[in-house]
Amino acid sequence: MLQVLACGVVVFPGLFFVFRRVLPSIFKQWTDADVVLVSERLVSSVHAVMATTAGVIVVLACSGNIMTDRYWLATYFVIWYGVPYMTYDIYAMYLSHYYRFRVKGHEEYKEHSLTTVNSFVRREFLLVLHHIALLTILLPVTLFFRRDQGDYFIGCLFLTELSTPFVSLGKILIQAYRYRALVWKIGRRASSVRHAPLCNELEALGLQDCWIHKANGGMVLLSFFLCRIALFPYMYWVYGRHYGIPVYGVPFHLTLSVNLGSLCILAPQVYWFVLLCRKGWRLYQRQCHSTAAAGSQDSSPLPPPSPPSLTDSQPKGNH
């Protein structure tokens with residue numbers, strides 16, 4: 001068991017360590033916060049690809065009888081990589097939080113302490129709770145309480161990670177465009193972009209006009225909705241079809257613990273999806289306003305005024 005567990009214990013922290021050493025040699029202008037953030041996102045993407053691949057394999061292997069068909073990967077992937085990753089990711093998220101505030105000059109972040117840990121837990125409470133819930137609920141259910149049934153549904157849950165690479169790519173694109181701005185040394189823009197709020201960063205770097213970012217944003221919303229929200233009604237529908245009951249009768253056919261577990265996993269996904277939609281809508285409105293302003297300047301008989309600096313054009317706001 002310890003040898004099996006060591007697979008994920010070594011892989012994810014090892015990749016994180018390698019990325020933290022390699023990235024500064026490539027992107028020399030990045031701060032520690034930039035390096036830790038991108039390293040965390042890259043490792044998350046690696047785990048997401050592994051989990052999605054495992055999910056596809058399990059679902060295809062167990063599609064004959066969704067209740068009794070077995071596939072070894074449904075259980076052992078959780079042990080080999082699921083538990084080590086969730087444990088590692090809590091620590092990686094803390095490091096990202098710590099260096100982000102340390103770069104901004106917060107006095108209490110000069111060294112690690114209970115204050116920094118407490119601040120991290122308070123600011124990222126939902127994410128921390130999500131990880132702990134998976135460790136304390138999904139693991140026992142996967143190993144002890146399924147009575148060797150339902151590998152198909154475990155595979156479906158693995159598929160929720162499909163959206164993670166697209167979410168991570170959005171963060172990495174911001175870092176890449178930030179680095180490009182620094183390399184090109186566009187006046188004083190680089191220093192103002194470094195600490196700009198997310199939506200303003202996109203405008204300052206011109207990233208909201210980049211087709212890659214637009215396409216990735218669409219994939220984030222689509223994959224997140226399909227694999228983290230619509231997946232749960234689908235699993236209820238498949239279960240109902242297997243037993244010949246309508247989908248609205250499935251919750252009454254399942255135990256209360258199963259329904260509560262599904263609800264606890266689904267609720268934060270809906271919350272995060274709403275946040276993603278709101279962020280996308282704000283970026284869309286910002287782009288429409290910018291396009292309208294540019295059109296009015298082009299149609300004006302007077303010469304347009306000189307463009308303001310980035311620091312002047314950025315309203316105050318939260319990430």
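User: Which residue forms a salt bridge with aspartate 151?
Analyst: This is a predicted model, where local features need pLDDT of at least 70 and side-chain atom pairs count only at pLDDT 80 or more, while totals for chains, interfaces and linings use all residues. Residues are numbered from 1 along each chain as its sequence is written, and side-chain values use heavy atoms, with hydrogens and water left out. A salt bridge is a side-chain nitrogen of Lys or Arg within 4 Å of a carboxyl oxygen of Asp or Glu. With closest N and O atoms 2.7 Å apart, the partner of aspartate 151 is arginine 146.

User: Are aspartate 151 and arginine 146 buried or exposed?
Analyst: Relative accessible area, computed with a 1.4 Å probe on protein chains only, decides this: under 20% is buried, over 50% is exposed, and in between is partly exposed. By that rule, both aspartate 151 and arginine 146 are buried.

User: Which residues do salt bridges that share partners join into one network?
Analyst: Side chains of opposite charge can pair when their charged atoms come close. Arginine 70 is bridged to aspartate 148, with 3.2 Å between the closest N and O atoms. Through shared partners, one network takes in Arg70, Arg146, Asp148 and Asp151.

User: How many residues apart in sequence are the parts that arginine 70 and aspartate 148 tie together?
Analyst: Helices are DSSP runs (H or I, at least four residues; strands are E, at least two), numbered from the N terminus. In the salt bridge of arginine 70 with aspartate 148, arginine 70 sits in the loop between α2 (32-61) and α3 (72-103), and aspartate 148 in the loop between α5 (125-143) and α6 (151-158). Arginine 70 is partly exposed at 39% relative accessibility, whereas aspartate 148 is exposed at 53%. The pair therefore ties together parts whose separation in residues is 78.

User: How far apart are the closest N and O atoms of lysine 110 and glutamate 107?
Analyst: The structure holds four salt bridges. In the one between lysine 110 and glutamate 107, both residues are exposed. Their closest N and O atoms are separated by 3.0 Å.

User: How many of the residues of α6 are buried?
Analyst: Asp151, Tyr152, Phe153, Ile154, Gly155, Cys156, Leu157 and Phe158 of α6 are buried. What covers them includes α2, α3, α5 and α11. Helix α6 is largely enclosed by the rest of the structure, because its buried residues number eight of eight.

User: Which residues is alanine 54 in contact with, leaving aside its neighbours within four places in sequence?
Analyst: Alanine 54 lies in helix α2 and counts as buried at 4% relative accessibility. Its C-alpha atom is 7.0 Å from that of phenylalanine 158, which is 104 residues away along the chain. Contact means heavy atoms within 4.5 Å. Beyond its sequence neighbours, alanine 54 touches Leu73, Phe77 and Phe158.

User: What is the volume of the largest cavity?
Analyst: On a 1 Å grid over the protein atoms alone, a cavity is a set of points where a 1.4 Å probe fits but cannot get out; a pocket is an open set with protein on both sides within 12 Å along at least five of seven lines, and lining residues have an atom within 4 Å of a point. Points are joined across faces, edges and corners, and a volume is the space filled by probe spheres set on the points. One cavity of 30 Å³ or more is counted. The largest cavity has a volume of about 310 Å³.

User: Which elements give two or more residues to the lining of the largest cavity?
Analyst: Its lining has 19 residues, with Met86, Leu134, Leu138, Leu157 and Glu161 nearest the centre. The elements that supply two or more are α2, α3, α5, α6 and α13.

User: How many residues of the lining of the second largest pocket are nonpolar?
Analyst: The second largest pocket holds about 1100 Å³ of space and is lined by 33 residues. Ala, Val, Leu, Ile, Met, Phe, Trp, Tyr, Cys and Pro count as nonpolar, Asp, Glu, Lys and Arg as charged, and the others, Gly among them, as polar. Beside eight polar and two charged residues, the nonpolar ones number 23.
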